[in-house]
Amino acid sequence: MVDRLANSEANSKRIALVEGCFGTAGQPLAIPGRVLIGEGVLTKLCRKKPKARQFFLFNDILVYGNIVIQKKKYNKQHIIPLENVTIDSIEDEGDLRNGWLIKTPTKSFAVYAATATEKSEWMNHINKCVSDLLEKSGKSPSSEHAAVWVPDSEATVCMRCQKIKFTPVSRRHHCRKCGFVVCGPCSEKKFLLPSQSSKPVRVCEFCYEQLAGGQAASLPARSDSYSRSSKFPAPSVSDDDDEDDSSD
């Protein structure tokens with residue numbers, strides 16, 4: 001089915017419409033063999049709070065952006081190669097229902113659909129696209145994934161020292177290795193995590209000692225099934241974003 005659509009006029013028009021909605025600030029999306037599988041609004045669990053984002057699933061990439069005018073204008077385009085993606089379902093908690101994790105070596109985050117049916121459709125289509133890509137390339141699924149950042153609201157005190165309370169002066173920071181919300185004194189070090197950045201990134205004191213000692217493999221694993229009710233989960237792999245002022 002995908003192969004038949006790849007060079008169809010209808011597919012080309014749909015992709016052109018998506019490109020037009022992102023405007024000149026977005027990257028070109030039309031390449032030979034690329035097919036737009038589906039699109040829709042999902043709630044992305046961002047650092048500050050859950051936010052609606054427009055997602056587009058292609059047969060080789062996942063694209064999302066901020067909604068400026070629904071179906072007309074989007075900005076802050078993000079492109080994720082599906083070859084690096086794995087997804088895991090999340091249990092319903094409170095108002096956040098029908099969710100799953102999108103995990104890559106560079107960035108990992110949770111998204112939520114409006115209904116259980118929509119969640120199932122998204123997950124099935126993503127898994128099918130990833131499976132087809134890996135089969136064609138002969139590659140194995142990605143085994144390295146960035147940590148899902150703990151939202152700011154989940155921590156009122158540093159998750160490492162558990163002493164410093166967060167205030168407008170004592171800001172929250174995120175360790176790029178474990179995803180914990182930590183204070184400045186507990187995250188003064190930086191370490192090069194090539195899957196996330198070409199420059200050293202902020203890590204907490206605990207992760208720095210493990211990484212610098214060459215013991216990254218022994219880091220305690222945080223559950224991939226992210227839980228909002230788990231105030232102080234154990235550490236895992238890492239995530240990226242702009243320094244600490246990013247709202248996404």
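These legends describe close-up views of a predicted model.

**View 1. The open sheet of seven strands.** Its strand order is β4-β3-β2-β1-β7-β6-β5, and the pairing is antiparallel. Strands β4 (73-81) and β5 (86-90) stand at the edges; each has a single partner strand, so one side of each is left without a neighbour in the sheet. On average, neighbouring strands are turned by 35° against each other, direction ignored.

**View 2. The pairing of β5 with β6.** Strand β6 covers residues 99-103 and is joined to β5 by five bridges in the antiparallel sense. Within this pair, Ser 89 is found opposite Trp 100 of β6.

**View 3. Helix α2 across the sheet strands.** The helix, residues 9-22, lies across β1 (36-45), β2 (50-58), β3 (61-69) and β4. Relative to β1, helix α2 runs at about 35°.

**View 4. The largest nonpolar core, with 21 residues.** Phe 55, Leu 82, Trp 100, Ile 102 and Ile 126 have the most contacts inside this core. At least two residues come from each of β2, β3, β6, β7 (108-112) and α3 (116-137). The most is given by α3, with seven residues.

**View 5. The surroundings of Leu 82.** Neighbours within four places in sequence are left aside. Leu 82 is then in contact with Leu 57, Phe 58, Asn 59, Asp 60, Ile 61 and Leu 62, and also with Ile 126, Cys 129, Val 130 and Leu 133.

Conventions:
Residues are numbered from 1 along each chain as its sequence is written. This is a predicted model: local features need pLDDT of at least 70, side-chain atom pairs count only at pLDDT 80 or more; totals for chains, interfaces and linings use all residues. Side-chain values use heavy atoms; hydrogens and water are left out. Two strands pair if DSSP finds at least two bridges between them. Helices (H or I, at least four residues) and strands (E, at least two) are DSSP runs, numbered from the N terminus. Axes are lines fitted to C-alpha atoms, for helices over the stretch in contact, and angles run from 0 to 180 degrees between N-to-C directions. Contact means heavy atoms within 4.5 Å. A nonpolar core is a set of buried Ala, Val, Leu, Ile, Met, Phe, Trp, Tyr and Cys residues joined through side-chain atoms within 4.5 Å. Buried means under 20% relative accessible area, exposed over 50%, partly exposed in between (1.4 Å probe, protein chains only).
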